[in-house]
Amino acid sequence: MSFGFGLGAGLKALTAARLGIETAGNNVANANTPGYSRQRVDLMSSLPYSIARGFQIGSGVDVSDISRMVDEGLERRLRLQLGMVGAAEVDQSHYSELEGILAEPNGGLSSTLASFFGSIGSLQSNPADRALRGGVAQAGNELAQGINLLARRFGDLGDNTFAEVNGLVRQVNDDAVSIARLNVQIVELEANGSTANDLRDAREQKIKDIAKLIDTTAMPRNNGTVDLLVGGHLLVAGDRVTQLQTERTEAGITAVTLGNGVDAIGASQGRIAALIRQQRDNLPQMRQRLDQMTRNTILEMNRLHTTGMPRSGPFASLTSFYGAKDGDGDGSRGDELLGQSGFLFDVEAGDLYVAVTDKATGAMTRTRVAIDPTAMSLQDLAATLDNVAHLSASVDPTGRLRINADSGYGFDFSPRLDASPNAFGSLGGAKPSIGSVGREPFDLSTQTFPVSFTVTTGTAATPVVSTVTLDASDFANTSAATVDELVTAINNDVGGAATAANVGGHLVLRSNQGGSTSQLTLANAGAGTVLGSLGMTTTAVTGQDVGVDVQVEGSYTGSDNGKLVFVPSGDGTIGVTADLKMNVFDGDGNLVTVLDVGAGYTPGESITLENGVAIAFGPGDVSATAGHVLAVDTLADSDTSDVLVALGMNSFFHGSNAADIAINQDLLDNPDMLAAGTSGSASDAGNLIRMLGLRGSKLGDLDANTIEDFYADIVGDVGFEAAAANNLLQSQDALLAHLQQQRESVSGVNIDEEMIDMTRYQQAYEAAARFISTVQDMTDTLINIGR
Amino acid sequence: MSLRITQGSLYEMARGNISRSLLRYTSLQDAVSTGRRVNRPSDDPAATLRIIPLNNDLRNLGQLSNNIALARETLNTGASALEDGSSLMQRLRELTMQAANGTISEDDRISIGAEVEQLLNQMVSIANSKRGDQYMFGGTASDEQPFDLVTDGGGTRVVYRGNHERLNIEVAPGVSTPLSLPGDSIFQQRHRGTVSISGGNTGIRPAGVGDTGVGFQNLAIAFNGLHTDAPSTVTAGSGATTALGVLDYAFTASPATLSIGGGAAVPIPATDTAFTTSDGTVINLSVSGVPATLTGTFTAKAGISTDGGATQVDVSDFSRTATPVRNSYDGTVLNVDVTQLSRTGEELVKHAGTFDTFTVLVTLRDLLQNRSDLPDSDVQSRIASLLTEVDSAHEGVLDGLRELGFRSSSMELLSGRVESLKVSRSESLSLVQDTDIADSILQLQRQDITYQAALQVSAKMIQTTLSGLLR
């Protein structure tokens with residue numbers, strides 16, 4: 001036995017105890033250090049040696065390692081959870097911000113929308129009030145600005161994303177560099193077989209920092225380094241780092257790529273991923289829905305407003321707000337087809353009805369313009385309008401349509417009823433007229449073309465004879481000749497003495513001279529029998545000193561564009577002839593009703609028909625033999641082509657989406673331009689009623705919702721998403737807390753424990769010191785014996 | 001190994017518990033202090049979806065309340081104008097009674113006429129009443145004066161320039177009411193009765209169909225020359241003619257005479273000579289010779305006018321039972337039966353039931369001023385016959401008044417309905433969005449206790465460590 005050995009064991013014990021105390025002290029010191037893992041001194045009894053007779057005796061204690069208490073599986077779950085919480089936090093704050101922007105349910109756009117319709121309601125109760133008109137324009141302005149603001153703030157949310165992601169990516173890169181550096185240090189330190197506990201803790205903490213921001217997988221390698229994968233790509237490989245970069249895609253969406261490569265990181269968790277997801281999916285969807293609502297509001301309001309009538313009555317001149325784009329780049333505008341002119345709203349195939357009013361007499365002439373966006377250019381439309389009597393129309397160099405009425409005339413596009421529809425005088429007019437008994441089409445195939453008939457006008461004393469010749473080439477199909485073809489052919493030949501016209505599908509030929517002495521006689525020339533085929537009488541008819549005055553009242557409430565065609569049942573005098581009836585047909589020739597206008601009817605008395613129309617026949621003679629006929633247009637929509645909306649002819653809103661919707665400035669400047677009515681009467685609220693109807697109408701393009709409901713749905717969805725995000729964040733937070741609790745349980749420092757450890761090691765130290773002293777005493781004793 | 005609890009997790013737990021507790025505390029406090037349970041959509045998304053439409057509904061109902069108030073005010077303004085009209089008509093009745101009394105003097109009649117003239121102007125201004133700057137009785141053409149007093153060759157009349165469109169406003173969900181009545185339905189409403197022609201004994205009769213005339217009309221029937229069926233030797237003379245229609249003629253050769261309508265034979269040739277028929281009517285003819293046939297008929301044409309001779313309808317066919325005669329001033333048409341028309345003269349046409357407020361006033365004024373120089377007896381009988389028309393015109397105004405009054409009172413009912421709807425909607429809204437204060441305060445107190453307890457327990461827990469005890 002040697003004393004030296006005893007001292008060695010004592011020294012080892014002292015060292016072990018000291019290390020134990022230091023470790024406990026270090027643990028206590030780091031009790032609050034994030035990511036710190038509790039360390040423990042691993043003790044091991046040192047190798048024994050043999051003494052006499054084969055006994056073995058221990059040689060003290062060895063410190064085998066100072067180890068970290070870490071559960072790697074737990075750490076992995078914790079990293080994943082941190083990413084989920086990061087994403088949930090971003091979602092929650094995003095939706096909370098959206099909620100803030102919407103400011104519902106008390107205030108926000110829903111109340112702006114309601115105020116807008118409310119202002120229309122107020123004006124509807126007092127349409128002549130200029131202040132209330134201004135109120136509607138103002139409320140429209142507020143609505144437009146409210147929508148703009150929403151669009152802008154949604155945009156801001158998206159715009160911030162790039163900067164935010166960029167900042168976070170820089171953090172990731174910094175952390176990745178740190179991790180690479182730590183990898184090197186750890187390898188160096190651990191080369192001698194020890195564990196670089198604190199460096200590993202620091203590295204783990206950096207990995208967690210990254211995990212919070214973006215999906216990451218850590219792959220520990222045998223040499224002690226850790227590789228980090230982001231979206232399947234190596235961010236950190238040992239000591240090398242491939243930096244993430246923030247880029248903006250063409251669609252303006254933020255993307256994160258590795259190095260200079262184009263690989264977008266398909267991350268699904270972490271703050272970065274959540275931010276990109278909001279910008280890429282949620283915000284565009286919100287904006288798209290807001291745009292959808294706005295676009296339909298603009299379209300529907302403008303459909304009504306462009307076909308309404310301002311307070312000042314028919315327009316003297318009007319210029320479109322939008323012009324045709326020079327699509328083919330030939331420097332001239334308006335020569336492209338309407339469908340390719342770059343309008344914000346599509347022009348459909350349909351009809352545009354333009355009414356020209358003689359301001360002195362109030363007489364209105366309505367012309368139907370067929371619009372085919374695939375065959376008609378804006379210049380063609382201008383030319384067609386220019387051909388309408390008392391209108392001039394042109395396309396200006398900026399591609400805008402300009403329409404002017406002659407002095408003393410005005411024009412409008414309103415669907416109102418023509419109050420005096422018998423301007424041509426085809427029903428009991430003062431000028432003699434002969435109409436076809438039947439409707440178009442006419443079968444003229446039995447005729448040998450060219451076929452002629454004579455038209456005798458003037459008086460019996462001084463007749464004027466002209467001859468009309470019809471050629472086969474006048475008709476597209478001689479077995480189905482249309483009235484319009486006949487009208488063109490006849491008017492080409494008949495000269496100034498008579499005029500042909502299409503009255504509700506009937507061909508009417510009228511002398512241009514009125515009075516009871518005026519005459520009109522038609523006669524087949526030669527062997528022709530064309531008059532018979534047309535169903536026109538060859539009996540002479542005379543005019544009247546005063547024609548039958550027809551007055552129409554009311555406003556058409558039906559839903560389709562159509563006509564009412566009035567044909568007398570026999571020859572007679574309104575209000576006098578017994579059993580004189582007026583047969584009423586629709587535009588297709590179906591009998592709608594029969595009106596009693598014979599004896600017992602007071603001429604001039606209104607007769608109410610269906611759909612809000614009332615008609616009154618003044619005194620005078622009508623004739624079935626002469627083919628008297630009267631047509632009244634009943635329009636529900638005077639622009640089924642939406643060309644007025646596309647051009648912006650006195651529209652209510654300009655723009656086509658949430659970002660650019662704006663009130664027509666003219667309405668703010670001059671509220672009289674607001675088309676409250678359809679007739680120009682001061683207290684006519686007809687158009688306002690249509691606008692109020694819009695409030696309750698379920699629009700197909702809004703998934704069969706009203707505008708307000710559609711918006712409420714947007715708000716509701718944000719609410720649901722926000723509530724879900726709140727809940728998700730709470731539950732993810734709870735899960736994280738639970739994992740952290742578990743981690744604490746494994747790796748955390750319990751000060752009590754450490755105190756106990758300290759006490760234990762202290763006592764061990766004391767005991768070891770005692771042991772050394774005892775060995776020393778023993779040595780002393782031995783030495784003293786020898787003295 | 002059992003679960004280790006560390007100080008760190010203790011702190012963390014305490015922090016988490018306290019902050020969660022505080023969060024609930026503040027959200028409750030928010031609900032109590034704003035009075036609303038739903039302050040942002042995520043507070044209760046389903047409730048949000050109900051709150052927005054309910055808010056819209058409430059706003060709508062507020063609008064309806066305003067509309068009702070406006071409608072009542074407008075209807076009452078209209079009614080008060082008509083009340084003035086009604087008392088005016090009462091005064092008119094008194095005046096008519098006075099004037100119909102045969103004992104009043106010419107001067108009295110003229111002064112009554114002056115008062116009626118005033119009443120007429122007042123009535124026109126009542127019919128042109130305004131609310132604000134808008135006429136009330138013109139349909140939707142509210143910025144044009146609806147009633148125009150026109151005086152021309154056809155006399156004085158009041159023309160309605162308004163329209164028959166109604167300004168309907170919504171006063172309850174799905175219920176609209178017209179704010180005003182078209183003026184002509186109040187002041188000019190007519191229940192056209194039979195037309196009578198009297199006074200001149202010309203034999204003309206009303207056709208009774210298709211008439212559009214109003215009130216009294218004077219029908220002038222004059223001789224309008226000979227029709228083409230007259231013998232070529234006979235032309236109209238320049239003297240007065242009263243005979244009309246188809247007349248028999250008989251020539252005798254020797255002595256050369258002509259007898260018309262069975263009257264006395266007059267020697268011919270003759271110039272501007274009066275031939276008297278057996279009916280006592282006279283036709284003035286110039287006869288140059290004897291025609292081939294000795295007997296036959298010819299027609300003395302009539303010229304009929306309702307506009308004082310401004311225009312004449314030439315009648316040559318005396319078999320027509322309905323010949324229209326148009327007044328060139330007001331465009332009205334009177335259909336007459338000329339089959340028995342046999343002499344010229346003046347007739348009075350009365351379109352029963354067509355007297356409106358204005359024609360009564362105008363006719364009465366004209367009669368009192370006797371512009372057409374009628375005999376006194378005629379004036380009196382005509383004034384007397386107007387009395388029933390005054391009453392029916394008054395009735396028209398009263399009808400309008402009743403209608404407006406009825407509408408105004410139905411507004412009151414509707415107002416109650418809208419108010420109660422407002423209350424029920426507010427209740428629903430309150431139910432969905434408002435904080436249940438009692439419940440919330442209870443919860444708040446409970447939360448308070450929980451919070452305090454959490455603080456205390458945490459304070460205790462984090463204070464205790466072994467280090468404080470080890471010495």
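Predicted model: local features only at pLDDT ≥ 70, side-chain atom pairs only at ≥ 80, totals over all residues.
Chain A contains 14 helices and 34 strands. Its radius of gyration is 47 Å, whereas the globule rule gives 28 Å for 787 residues; chain A is therefore more spread out than a compact globule. Along the principal axes, the C-alpha atoms of chain A fill a box of roughly 180 × 50 × 45 Å. Buried residues make up 51% of the 787 residues in chain A. Among contacts between residues at least 6 apart in the sequence of chain A, 67% join residues at least 24 apart.

Strand S32 of chain A, residues 630-634, is mostly covered, with five of its five residues buried. In a regular strand, side chains alternate between the two faces of the sheet. In S32(A), A:Leu630, A:Val632 and A:Thr634 lie on one side and A:Ala631 and A:Asp633 on the other, and both faces are covered. Strand S25 of chain A, residues 562-568, runs antiparallel to S32(A) and is joined to it by five bridges. Opposite A:Leu630 of S32(A) stands A:Phe566.

On the surface of chain B, a nonpolar patch is formed by B:Tyr11, B:Val457, B:Met461 and B:Ile462, which together have about 320 Å² of accessible area. Helix H7 of chain B, residues 437-463, contributes three residues, the largest share of the patch. B:Tyr11 belongs to helix H1 of chain B, residues 7-34. This residue, B:Tyr11, counts as partly exposed because its relative accessibility is 36%, a value between the limits of 20% and 50%.

How values were computed. Residues numbered from 1 in each chain as written. Chains lettered and ligands numbered in written order. Heavy atoms only, no water. Buried < 20%, exposed > 50% of the residue type's maximum accessible area, 1.4 Å probe, protein only. Helix = DSSP H or I, 4+ residues; strand = E, 2+ residues; numbered from the N terminus. Pairing = 2+ DSSP bridges. Patch = residues over 30% accessible without salt bridge, like charges linked within 9 Å, V, L, I, M, F, W, Y side chains within 5 Å. Areas by Shrake-Rupley, 256 points an atom, 1.4 Å probe, with all protein chains shown as cover. Salt bridge = Lys/Arg side-chain N within 4 Å of Asp/Glu carboxyl O. Rg over C-alpha atoms; globule rule 2.2 N^0.38 Å. Contact = heavy atoms within 4.5 Å.
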